Amino acid sequence: MATKAFVLYLFSTFSVAIFSVLFFTHQNDHISYRTRLSSLNSNILHLEATDKVWPDLAFNWRIVLATVIGFLGSACGTVGGVGGGGIFVPMLTLIVGFDTKSAAALSKCMIMGASASSVWYNLRVRHPTKEVPILDYDLALLFQPMLMLGITLGVSLSVVFPYWLITVLIIILFLGTSSRSAYRGVEMWKEETILKKEFSRQQGARVDSRGELLIDAEYQQLDSREEKSMMQILCFNLRWKRVMVLVILWAAFLLLQIFKNDTTTCSTWYWVLFCLQFPIAFGVFGYEATKLYKDHKKRMCAGNPESICEASIEWTPMHITFCALCGILGGTVGGLLGSGGGFILGPLLLEIGVIPQVASATATFVMMFSASLSVVEFYLLKRFPIPYALYLISVSILAGFWGQFFVRKIVTFLRRASIIVFVLSGVIFASAITMGVTGIKTSIRMIEEGEFMGFLDFCSSQ
């Protein structure tokens, strides 16, 4: 019920925002077409005038402050599995001085670097409670195609939606998801407190609360699992066939985006390439969904109640369809807001019963593919300066690795896996504040300048 309420919140917010802007646009239908066209042209001229504002990479207070914020944002973002794009974009525009488009492209570079180093760290870590990979490849293959499809839809809608509407969506959705994550973190904290008291009374008794909490070092010493070397853990966590499927999916979407960008907007070939994304995404999703359904049915027939993957839900057709809608909705919202899918996927994985360690590792793994896809596309479009990108990627790689290292040490020492959930909630809340304040200031300026505040035409605004 909590999961359905969470997604219903996302869907209702998205729908109400669309209807509100339609009403707003209807109320302003008296504005002539010439006035709207003039406003649109002024917006285009303004964007062209501010296009590619690339400051020099030099040692000064701006680069030092950006490095500190970028390091902390990358460290906390990868631990929570949300990336941190909501922090990076305002940082790059307000502190460093990049234009919005270049800042968004550089933020994807930072997310890619942090997520890649985080994945490398997680591949060398054992699952806290089971003898399975810490990366849930079933969930990755289920959500990744829907997220990538949703992100492409959201990016296309972002040029149509008015800026004030995107700002409203950022504030409402980010505050809602951060509040829900914080509430879940508090619940887990209370459960952990009860378990710690129980453990203090029963030394040597292993309590796992249905596998929802991290087993700390004391528990691990009592674990009967044999010790493995770092290379053995790495090889065990890697599932090359699953990874290759994700790589092929990534390459297919990249080729479609490259070819689509080289065609005329709204031409026949443009829509053909755009529509080809659907059979590719639904093909991979359908294959994984069928596999989960059959495995779940076999286990139920055999009387085995154990979950197939980390999610605690039953893989019925209704729940599979529900996950597909969640993936598309999360990707669309992420693409529309420019935050990717991490801000939705991370909290969603927690809602369906995935433990924080696996939710963080899986969300970061999925995010690595979506972020790298955007980085390659932005590179081909020459949207960011290479020296800055290399510097920020280096900072993010270090931050992603050490962020995982220190937070997992703290979690193990305190025996509190809920810390990961609180970090996730904090990053989303900080993103709501930074992007909300920036968006409100920009919206006020647009209103004062009398710019058109309704939906733009898709073909003419590309």
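Q: What does it mean to call a residue buried?

A: A residue counts as buried when its relative accessible area is under 20%. In this predicted model, C326 is buried, with a relative accessible area of 5%.

Q: What share of the residues in the protein chain is buried?

A: Of the 462 residues in the protein chain, 52% are buried.

Q: How many disulfides are counted, and what is a disulfide in general?

A: In general, a disulfide is a covalent bond between the sulfur atoms of two cysteines. The count for this model is zero disulfides. C326 illustrates the reasoning: a pair of cysteine sulfur atoms must lie within 2.5 Å to be counted, whereas the sulfur of C326 is 6.0 Å from the closest cysteine sulfur, that of C323, and this is too far for a bond.

Q: How many helices and how many strands does the protein chain have?

A: The protein chain has 17 helices and zero strands. As a general idea, an α-helix has 3.6 residues a turn, so residues three or four places apart point the same way.

Q: How does the span of helix α4 compare with the expected value?

A: Helix α4, residues 85-96, has 12 residues. From its first C-alpha to its last it reaches 15 Å, close to the 16 Å expected at 1.5 Å a residue. After α4 comes G97, whose phi is positive, near 105°.

Q: Is α4 mostly covered or mostly uncovered, and what lies over its buried residues?

A: Helix α4 is mostly covered, since 11 of its 12 residues are buried. Among these buried residues are G85, G86, I87, F88 and V89. The elements that cover them include α3 (61-80), α5 (100-122), α14, α16 and α17.

Q: Which residues does S431 contact, and where does S431 lie?

A: S431 lies in helix α17 and is buried, with a relative accessible area of 0%. When its neighbours within four places in sequence are left aside, S431 is in contact with G86, I87, F174, F343 and G436. Of these, G86 and I87 are buried residues of α4.

Q: How is the packing of helix α7 and helix α14 described?

A: The description uses an angle and a distance between axes. Helix α7 (residues 163-201) and helix α14 (residues 342-351) pack at an angle of about 30°, and their axes are 10 Å apart. The crossing in which α7 passes α14 is left-handed.

Q: Which residues make this contact, and of what classes are they?

A: From α7 the contact uses F174, T177, R180, S181 and R184, and from α14 it uses F343, P347, L350 and E351. By class, there are four nonpolar, two polar and three charged residues. F174 and F343 are also among the residues in contact with S431.

Q: What share of contacts joins residues at least 24 apart in sequence?

A: Among contacts between residues at least 6 apart in sequence, 83% join residues at least 24 apart.

M367 is found in helix α15 (residues 356-380) and is buried, with a relative accessible area of 7%. Not counting residues up to four places away in sequence, M367 touches G81, V82, G83, I111, S115 and G342.

W54 belongs to the loop between α2 (33-49) and α3, and at 31% relative accessibility it counts as partly exposed. W54 and F384 are 330 residues apart along the chain, and their C-alpha atoms are separated by 8.0 Å. Residues that W54 touches include F98, D99, S102 and F384.

P128 is found in the loop between α5 and α6 (137-158) and counts as buried at 4% relative accessibility. Its C-alpha atom is 9.5 Å from that of I355, 227 residues away along the chain.

Conventions: Residues are numbered from 1 along each chain as its sequence is written. This is a predicted model: local features need pLDDT of at least 70, side-chain atom pairs count only at pLDDT 80 or more; totals for chains, interfaces and linings use all residues. Side-chain values use heavy atoms; hydrogens and water are left out. Axes are lines fitted to C-alpha atoms, for helices over the stretch in contact, and angles run from 0 to 180 degrees between N-to-C directions. Helices (H or I, at least four residues) and strands (E, at least two) are DSSP runs, numbered from the N terminus. A crossing is left-handed if the near helix is turned anticlockwise from the far one by less than a right angle, and right-handed if clockwise. Contact means heavy atoms within 4.5 Å. Ala, Val, Leu, Ile, Met, Phe, Trp, Tyr, Cys and Pro count as nonpolar, Asp, Glu, Lys and Arg as charged, and the others, Gly among them, as polar. Buried means under 20% relative accessible area, exposed over 50%, partly exposed in between (1.4 Å probe, protein chains only). The expected span of a helix is 1.5 Å times one less than its number of residues.
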